Amino acid sequence: MTEPGTCMWDCVVVGAGVMGSATSLQLVQNGARTLLLEQFCLPHSRGSSWGQTRATRKSYKQEHYARMAAGSNRLWRQVEMETGTKLTVDARHFAWGRPENPILQDIQENLQKVGVHSKLLTNQELQREFPMLRFPGDYVGVSEEGAGLIKADQAVRALQDLFVQKGGCLRDGEAVTGITPGPTVTVVTSERTIQTRRLVLTCGPWTSKLLDGLGLELPLETLRINVCYWKEREPSSHSLQSNFPVFKDEETGVYGMPCFEYPDMMKITRHTGHAADPDNRDANMQADLTFDLRFLSDFVRKFFPGLYDKPSIVETCMYTNTPDGEYILDRHPGHRNIVIGAGFSGHGFKLAPMVGKLLCELTLDKPPSLDMAPFRLDRFTSRKAVSKL
Ligand SMILES: Cc1cc2nc3c(=O)[nH]c(=O)nc-3n(C[C@H](O)[C@H](O)[C@H](O)COP(=O)(O)OP(=O)(O)OC[C@H]3O[C@@H](n4cnc5c(N)ncnc54)[C@H](O)[C@@H]3O)c2cc1C
């Protein structure tokens, strides 16, 4: 295999989380000689893509994400076929909340638009469907058939394996420490100096650190997320096998998954967290953890009487949020051959294959498969972005 420092690459991708891995696979499939660099030894648990599962759903208030989810499902199936690995698990999804919550209506409309079978359940129907749960008297729910889980660690590994099988070069334990833009981009790593025609930055919570040296400041917020697992009082009462769904409570932002990762434990957690530097993630975490555990214990006591109200396991992950929750998929405004994929705001994993496709199209100057307007970084120009250009 070619040594990374000895040739001119068509594309270098920085960051081998799910987004960098999916993008690299698309690039190599499109004939680009591609090097994927990861600062830590793989696999690692310091970014956003690690862990056993992520939810896959089309229940989105934005139509473009519902459509991207449909496209991504097709691409995930292709990865499953090519690697011979089952990565996805079918489950129903329920979004629930108060009937006047506009998100529920948007979700139902978008599910219809993308041809997904869904139903609005009245409060009585919800109670009948989930006798083990306790809902507030006015809650209703929107069901989605054909949603589910994706095995996250295995999926990232599958993308990377395919990338390497198709001729890509993956180097882990090699951090990018400097970038000099130009028609040929010079990339300095902890190991060597590399030349490339095009550069893709998919650095998750480290994105701002790399953009700092490229004169670009984006309003990205990095959050530490406490992921909690709650034990069942009666084993298998909230299991995938008993058709228990993935859910999101659209009033509190709490979401959860049926028992799957750890026997007899549901993952139930907040779709938000606490500001943290990814290089110092676990410093000063006690007060934030205490806050989350109190919030989630209250939620579990109220909705899930069949679970113990103290978590048995707490894991940690990172979100990188934009102010509007929309992704950033765009070129650097000063350097067209540098492409940025960032700000996946805690909902990127399921859509990674489509994100990879779109970033690949941007990088190789191909027409985009989707309208890229929601993802442009100039939407922040009235705020704080691009301030150093
Ligand atoms: C707890 C939790 C639950 C989630 N649940 C869901 C869900 O149910 N459904 C869903 O769709 N999404 C979910 N998400 C979101 C999803 O996991 C993320 O959007 C996605 O993983 C983001 O991937 P990424 O590749 O952008 O970032 P990362 O996985 O963080 O990858 C970035 C990589 O870049 C590397 N890197 C950074 N700087 C450098 C450098 N200088 N040199 C070399 N390498 C570098 C990092 O080490 C890292 O490996 C969840 C996220 C979390 C944390």
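The model is predicted: local features need pLDDT of at least 70, side-chain atom pairs count only at pLDDT 80 or more, and totals for chains, interfaces and linings use all residues. Residues are numbered from 1 along each chain as its sequence is written, and side-chain values use heavy atoms, with hydrogens and water left out.

**Ligand shell**

- The ligand is surrounded by 38 residues, each with a heavy atom within 4 Å of it.
- E38, S49, A55, C317 and K350 are the closest.
- By class, 22 of the shell residues are nonpolar, 12 are polar and four are charged. Here Ala, Val, Leu, Ile, Met, Phe, Trp, Tyr, Cys and Pro count as nonpolar, Asp, Glu, Lys and Arg as charged, and the others, Gly among them, as polar.
- β16 gives the largest share of the shell, three residues. Helices (H or I, at least four residues) and strands (E, at least two) are DSSP runs, numbered from the N terminus.
- Domain 1 and domain 2 each supply at least three residues to the shell.

**Polar contacts and burial**

- Elements giving two or more residues to the shell are α1 (18–29), β3 (53–56), β11 (221–231), β13 (254–257) and β16 (313–321).

**Domains**

- The chain is assigned domain 1 (4–48 + 154–219 + 324–380) and domain 2 (91–148 + 221–321). Such bounds come from an automatic or database domain assignment.
- Their centres, taken over C-alpha atoms, are 31 Å apart.
- The contact (heavy atoms within 4.5 Å) takes 13 residues from domain 1 and 13 residues from domain 2.
- About 1,100 Å² is buried between the domains, with 42% from carbon and sulfur atoms. Buried area is the accessible area (1.4 Å probe) that two parts lose on being put together, summed over both.
- On the domain 1 side, R46, P205 and S345 lose the most area to domain 2, together 37% of what that side buries.

**Backbone details**

- Most residues other than glycine have a negative phi, and most peptide bonds are trans.
- The L42 to P43 peptide bond is cis, with omega near -5°. P43 sits in the loop between β2 (34–37) and β3.
- S236 is not a glycine, yet has a positive phi of about 70°. S236 lies in the loop between β11 and β12 (246–249).
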